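Here is a protein with a ligand.

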Amino acid sequence: MADWIDRQLRRRGISDERVLAAMRRVPRERFVPPTQRAHAHDDTALSLAHGQTISQPYVVALTCELLALDGSERVLDVGTGSGYAAAVLAELAASVVTIERIPELARGASSALRDAGHPEVEVIVGDGSLGVPAQAPFGGIAVAAASPRVPPALWAQLATGGRIVLPLGDEHEQRLVALERTAGGPRYHGSTTVRFVPLVSGEGPGR
Ligand code: SAH
């Protein structure tokens with residue numbers, strides 16, 4: 001039943017058929033806490049443990065569309081959370097490495113990714129604002145936590161021609177922005193107002 005795909009995604013302007021097919025294939029219910037399974041396809045973000053959230057399906061689809069992946073890329077996903085966005089990215093890219101600062105969430109995401117048919121996604125525990133230098137450059141970087149500016153390490157790990165999609169702003173309001181790394185500097189691809197949890201760097205509070 002793909003009604004929700006039309007209602008929540010297509011009608012709002014998601015038009016990349018690869019993204020729509022990926023959203024249809026990934027079982028969102030596997031990434032949602034058991035108590036919230038009935039709401040797996042609701043048009044909203046849902047709560048995870050540790051005060052974190054699994055992003056609204058539309059926001060995941062928009063992020064993927066803005067990344068403009070052709071399937072050949074190695075992708076970095078910052079802020080694994082439930083692992084849902086990583087699974088959708090795994091449908092669209094050659095490989096995905098995802099990084100989460102909260103070890104319990106990373107563990108839960110690993111097992112959900114296995115259940116959902118994406119055991120190949122590598123889940124790393126660490127500070128995603130520093131990226132994963134050992135595996136750079138990335139053909140795309142998706143960030144699921146807001147920051148006031150593009151973390152320099154992430155920009156440095158983006159391949160030329162690759163895009164980073166991230167929510168830029170403070171805790172109240174952010175814009176989901178897509179920046180392509182070109183030889184001449186960043187090229188801007190579009191944005192919309194969104195709301196994400198903050199990107200916590202270093203030994204911040206929030207556990
Ligand atoms: N993509 C996720 C959304 C998770 S919400 C999903 O589909 O479910 C954002 C996540 O970013 C939270 O789990 C939070 O713990 C994590 N996060 C915040 N700052 C981080 C950082 N510096 N490094 C890694 N993860 C971070």
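**The ligand and its surroundings**

A polar backbone atom of valine 200 lies 2.5 Å from a nitrogen atom of the ligand. That is a polar contact, here a pair of N or O atoms within 3.5 Å. The protein covers 99% of the 580 Å² of accessible area that the ligand has on its own. Such areas come from the Shrake-Rupley method with a 1.4 Å probe.

This is a predicted model: local features need pLDDT of at least 70, side-chain atom pairs count only at pLDDT 80 or more, and totals for chains, interfaces and linings use all residues. Residues are numbered from 1 along each chain as its sequence is written, and side-chain values use heavy atoms, with hydrogens and water left out.

Aspartate 127 places a polar side-chain atom 2.9 Å from a nitrogen atom of the ligand. For glycine 79, a polar backbone atom is 3.2 Å from a nitrogen atom of the ligand.

Now turn to the strands. A strand is a DSSP run (E, at least two residues), numbered from the N terminus. Two strands pair if DSSP finds at least two bridges between them. Strands β6 (residues 138-143) and β7 (residues 158-169) pair in the parallel sense over four bridges. Phenylalanine 138 stands opposite leucine 158 in β7. β7 also pairs with β8 (residues 174-182), in the antiparallel sense over seven bridges. There, valine 165 stands opposite alanine 178. Four residues separate β7 and β8 in a hairpin.

Terms used:
Polar contact = N/O pair within 3.5 Å; in protein donor to acceptor, adjacent residues only side chain to side chain.
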